[in-house]
Amino acid sequence: MTEYLAASTFSGCGGSCLGYKQAGFRLAYAAEFVDAAADTYAANFPETYLDRRDVREIKGQEILDAIGVDKGKVDLLDGSPPCSAFSVAGKRERGWGKVSAYSDTSQRVDDLFFEFVRLIDEVQPRTFVAENVAGLTMGTAKGYFLRIRQAMRDAGYDVEAKILDAQFLGVPQARRRCIFVGVRNDLGLKPAFPPVDKNVRTLASCLREGEASEPDASMHSYAVGREWRRMGRPGTQSTKYFQLVRPRLDRPCPTITQTGSNTGAASVAHPTECRKFSIAELKRISGFPDDFVLTGTWSEKYERLGRCVPPPMSKAIGKIIRTRILEQSDG
């Protein structure tokens with residue numbers, strides 16, 4: 001199998017990169033600005049050149065120089081610009097154009113998609129993939145979506161976007177995301193997306209006995225813990241704290257978000273024990289192998305998984321791009 005060349009931006013802990021690696025790509029370059037996320041990335045991808053600068057400071061030629069290839073020779077450029085500005089659970093337009101807290105930094109995030117498009121234009125990869133929340137296509141954010149898609153097309157690409165759900169791509173978690181796929185016009189091929197697999201994995205397959213020993217995960221001393229106990233059984237959602245959910249065991253887990261890294265905050269909780277999920281369980285729920293290294297505190301590890309692109313999702317996307325676009329282009 002041909003090993004195709006990939007570069008990643010907004011790489012986080014490496015969820016998307018791990019998926020592309022499993023799909024047959026060599027990750028030659030990654031960029032991640034948040035130190036805690038970059039530390040985890042470095043622990044799992046020591047062979048990848050890791051750029052810790054703000055993406056606004058990075059030039060396309062610098063990516064090419066780090067990899068050692070000419071413009072147009074990168075097979076896949078990946079990017080998942082921070083999505084909080086477009087989430088239907090967030091402030092949306094009230095936060096656009098403003099600096100706000102993001103992980104352990106503060107920055108404006110609603111303009112970062114256009115920085116990714118700038119790098120597409122400067123690197124001219126054969127294909128690209130960009131990921132964001134489904135909320136980017138809804139309501140007042142739709143204008144951003146249309147501007148982003150047009151800018152991608154203006155950079156010389158045939159571009160399509162679809163809402164994909166990770167639960168139908170091998171991940172035991174319902175996680176709907178807007179996925180852009182772009183194919184450089186000179187390749188003469190159309191964007192492609194992976195097929196849906198209705199044979200979903202359940203939350204029960206991810207749970208581990210004995211994980212309640214993680215002290216940072218216990219909700220017993222918090223108001224959400226009292227509410228969790230009042231809810232009574234799995235498959236219920238709090239009427240007091242809307243985001244507090246005791247999920248069903250026989251279905252994929254609801255979407256895990258970084259909010260859960262605050263033990264006292266309302267979020268998806270363990271269905272049968274008064275606690276948040278353990279890190280080992282969260283890795284399985286997010287599609288990571290058990291031996292994937294997460295650095296930092298319990299809350300930092302949780303945040304990494306709450307913000308990640310699940311590896312099986314990127315593997316499915318990467319595989320279809322490799323077989324339906326790159327291999328066909330190479331004849």
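The model is predicted, so local features need pLDDT of at least 70 and side-chain atom pairs count only at pLDDT 80 or more, while totals for chains, interfaces and linings use all residues. Residues are numbered from 1 along each chain as its sequence is written, and side-chain values use heavy atoms, with hydrogens and water left out.

Helices (H or I, at least four residues) and strands (E, at least two) are DSSP runs numbered from the N terminus. Helix H4 (residues 112-123) packs with helix H5 (residues 142-154) at an angle of about 10 degrees, their axes lying 10 Å apart. Here axes are lines fitted to C-alpha atoms, for helices over the stretch in contact, and angles run from 0 to 180 degrees between N-to-C directions. The two helices, H4 and H5, are therefore roughly parallel to each other, a term for angles under 35 degrees. Contact means heavy atoms within 4.5 Å. On the H4 side, Phe 113, Phe 114 and Val 117 meet Tyr 144, Arg 147, Ile 148, Ala 151 and Met 152 of H5.

Ser 8 belongs to strand S1 (residues 4-9). At 1% relative accessibility, Ser 8 counts as buried, where buried means under 20% relative accessible area (1.4 Å probe, protein chains only). Beyond its neighbours within four places in sequence, Ser 8 is in contact with residues including Cys 17, Leu 27 and Tyr 29.

Most residues other than glycine have a negative phi. Phe 10, in the loop between S1 and helix H1 (15-22), instead has a positive phi near 50 degrees. Gln 124, in the loop between H4 and strand S7 (127-133), also has a positive phi, of about 50 degrees. Phe 10 is buried at 16% relative accessible area, and Gln 124 is buried at 16% relative accessibility.

Eleven aromatic pairs occur in the structure. Rings of Phe, Tyr and Trp (its six-membered ring) pair if their centres lie within 6.5 Å; planes under 30 degrees apart count as stacked, over 60 as edge-to-face and the rest as tilted. Phe 113 and Phe 180 make an edge-to-face pair, 5.5 Å centre to centre with 70 degrees between the planes. This pair links distant parts of the chain, since Phe 113 sits in H4 and Phe 180 in strand S9 (residues 176-184), 67 residues apart. Phe 113 is buried at 2%, and Phe 180 is buried at 0%. Trp 298 and Tyr 302 form a tilted pair, with 5.3 Å centre to centre and 55 degrees between the planes.

Technical notes:
Parallel < 35°, antiparallel > 145°, perpendicular 65-115°, else oblique. Buried < 20%, exposed > 50% of the residue type's maximum accessible area, 1.4 Å probe, protein only.
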